[in-house]
Amino acid sequence: MTLNDDELDRYARHIVLPQVGGIGQQRLKATRVAIVGAGGIGAAVIPALTGAGIGHLTIIDGDRVELSNLQRQPIYNSGQVGMAKARLASHFAMARNPHVGLTSIDERIDSANAADLLAGHDLVIDGTDNFATRLAVSDTCVALGLPLLSAAAQQFQGQVALFRALPCYRCFVGNAFDADDCDTCAELGVLGALTATVGSFAALLAIRFITGIGNDPAGTLHLFDGLTLSWRQLRISSDPACRACGQLLKEPSGSPS
Ligand SMILES: [Zn+2]
């Protein structure tokens, strides 16, 4: 995985960092990331990962741009209301960095299609805003053995966590929300700038994870409070009864995780 002159110039501020360097930049280029949801979180994650030189991004979103999205989704503009988000986000990314391979999927992800859509990626980032979708994505990631970076924002609160099963997202939220496909953001509101903060933090976590910077972040929930302007961290425990990842606890050590 080599970098050409354009890439060496484009990523110069990364490559000069001892923690990234040429090796880290090549790791970013070798990575395939699926981004589920090109809404508020996705609109921050997509530019950050595109600029960072991720090798391939798959953008999955079945929604069209609505006027009320523009308050927090700066990759879209007023003339694009009514157009498919996945394709627009992909065009935005293509124009930003031609070295990034892109696939846009104009479909809502669910438990029936998630395995087909997510297989073959190295990392899944979920920025959708309803529990049913998030649980379907998480269960699929556990089944496929894919790391899942989950990010959410509503009102003034943000949360970001990387899951690699044991615990998984279902260990964290339980089973009560499988039928809950309401879009909480629409019901409760969200400060526009908050989604950018949380989405950028998710992108930072993704890049650290891919390049191997810092501690393994899996299983730590990062919570941001936009009213007190504070971050705090909580460890999430594995639930032995979790119906997605619980059986992994019972398998003998040395089995695939
Ligand atoms: Zn679990």
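Is Phe201 buried or exposed, and what is its relative accessible area? Phe201 is buried, with a relative accessible area of 19%, because buried means under 20% relative accessible area, exposed means over 50%, and partly exposed lies in between (1.4 Å probe, protein chains only).

The model discussed here is predicted: local features need pLDDT of at least 70, side-chain atom pairs count only at pLDDT 80 or more, and totals for chains, interfaces and linings use all residues. Residues are numbered from 1 along each chain as its sequence is written, and side-chain values use heavy atoms, with hydrogens and water left out.

Rings of Phe, Tyr and Trp (its six-membered ring) pair if their centres lie within 6.5 Å; planes under 30 degrees apart count as stacked, over 60 as edge-to-face, and the rest as tilted. One of the pairs joins Tyr169 and Phe172, which are edge-to-face, at 6.1 Å centre to centre and 70° between the planes. Both residues lie in helix α8 (residues 169-173), three residues apart, about one turn of the helix. Helices (H or I, at least four residues) and strands (E, at least two) are DSSP runs, numbered from the N terminus. Tyr169 counts as buried at 2% relative accessibility, whereas Phe172, at 29%, counts as partly exposed.

The rings of Phe201 and Trp231 have centres 4.2 Å apart and planes at 25°, so this pair is stacked. It links distant parts of the chain, with Phe201 in helix α10 (residues 192-211) and Trp231 in strand β8 (residues 230-235), 30 residues apart. Trp231 counts as partly exposed, at 37% relative accessibility.

Finally, Phe163, Tyr169 and Phe172 form one aromatic cluster.
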